[in-house]
Each structure stands twice: as structure tokens, then as C-alpha cells.
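Please look at the sequence and the 3D structure below. The paragraphs that follow go through the parts of the protein and how they meet.

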Amino acid sequence: MIRLRVNGRDRELDVDPAMPLLWAIREQLAMPGTKFGCGIAQCGACTVHLNGNAIRSCVTPVAAAEGGEVTTIEGLADLVEGEGLHPLQQAWIDEQVPQCGYCQSGQLMSAAALLATNPDPDDAAIDAAMAGNVCRCGMYSRIRSAIKVAARASAVQFFDPATSEVEEASHG
Ligand code: FES
């Protein structure tokens, strides 16, 4: 029995420990937002978070997530305070990022992992963090723009007037 926590909920899975985490998420837990792309960790469509890190679930055995905290696209909005969408999801809508949409849950999860460690990434940091996420529709410039929009939105959201720090100044 594999025990793990997925989107804040404890789960037990009676599966082959070698089963890719992707299939456990999609087939056993019936959460289809995470996509199968290449199956060899080359496209990023299957990206989820394991203990806060973006990983490729197609090549990660479910046993590797034993006792861990998994977040999928279905749980992304719950990573931020309050109701509603994650700032990245709202930025994705506002910037009209998705075309066919197939890669987008993976793109969002990689972007969320980036902003969690670097709330104000420059182009180089964005490109480095997103390099493993392929978009066959070529929406890379919109993805980059949306990450910057979300970073600004998050800075405003978390801005504390008491500190007198003007975080917006660093965003140009
Ligand atoms: Fe089509 Fe990215 S939106 S693959």
C-alpha cells in the first residue's frame, strides 16, 4: 500500500510501487488534469509538484512519492490564500496563453514552482525554469509574459505597507 498526500488529502493506493505517479494520479485518483505527453520526461506535460519541487510524473514511480506531498493542477489554486484561482491561472487567462491547451497544466506547475522560490524572475530565470516544458503551439512568449504578470499580481497581493518596501519597483 502506497500512502501519500495529494492536494492536501491523504490517499492510500494499492498499486504496483513501480507504477508511474502519472498513472496513479490519472487512473487511480481520477484526476485527469495532468497530461501524458512523451512518457520519457522530455516534454513536461506531466509536471506535478512533489514536496514543492516540479517533477515529471511519467518517470517517477509512485513509490518515490511515498509519504510525500503531491500537488497537481487540480490543487494549484489551493497553494495561495483565499478563494479563487492561483495568480498564474488568472494571468494565463488574461494573457490568453493556451492554444490547444495540452501542455498547459505542466507549464503552470513548472511556473508555480519557479515563483515559489523566485517571486521576481527575469527572462533568463524564466527560460531556465521552463526549458523542460515543450509547447507545440509555440506560446513561449505569452508564457513568459504571464509569469511576469502573475509575479506582479503576487507582489501586490502580498505587499505589506507597514514594511514600506516597494516591491513593484523591481518589476519595471
Ligand atoms: Fe498547445 Fe502548448 S498550447 S501545446
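How far apart do the C-alpha centres of domain 1 and domain 2 lie? In this predicted model, the distance between the two centres is 22 Å. Domain 1 covers residues 2-75, and domain 2 covers residues 76-171.

The two domains touch each other. Domain 1 puts 18 residues into the contact, and domain 2 puts in 15 residues. On the side of domain 1 that touches domain 2, the elements giving two or more residues are β3 (47-50) and β4 (53-56). Of the elements on this side, β3 gives the most, with three residues. By residue type, this side of domain 1 has eleven polar residues, six nonpolar residues and one charged residue.

Next comes the nonpolar core. The largest nonpolar core has 40 residues. Within this core, the residues with the most contacts are Leu88, Leu108, Ala111 and Ala146. Several elements each give two or more residues to this core, among them the strands β1 (2-6) and β4 and the helices α1 (21-28), α2 (87-94) and α5 (140-158). The helices α3 (104-117) and α4 (123-130) also belong to this list, and α3 supplies the largest share of the core, six residues. Where does this core lie? Both domain 1 and domain 2 give residues to the core, so it lies between them.

Leaving aside residues up to four places away in sequence, Leu108 touches Ile73, Leu76, Leu88, Gln89 and Trp92.

Key: Residues numbered from 1 in each chain as written. Predicted model: local features only at pLDDT ≥ 70, side-chain atom pairs only at ≥ 80, totals over all residues. Domains from an automatic or database assignment. Contact = placed C-beta atoms within 7 Å. Helix = DSSP H or I, 4+ residues; strand = E, 2+ residues; numbered from the N terminus. Nonpolar A, V, L, I, M, F, W, Y, C, P; charged D, E, K, R; others polar. Core = buried A, V, L, I, M, F, W, Y, C linked by C-beta atoms within 7 Å. Buried ≥ 20, exposed ≤ 12 C-beta atoms within 10 Å, placed from the backbone.
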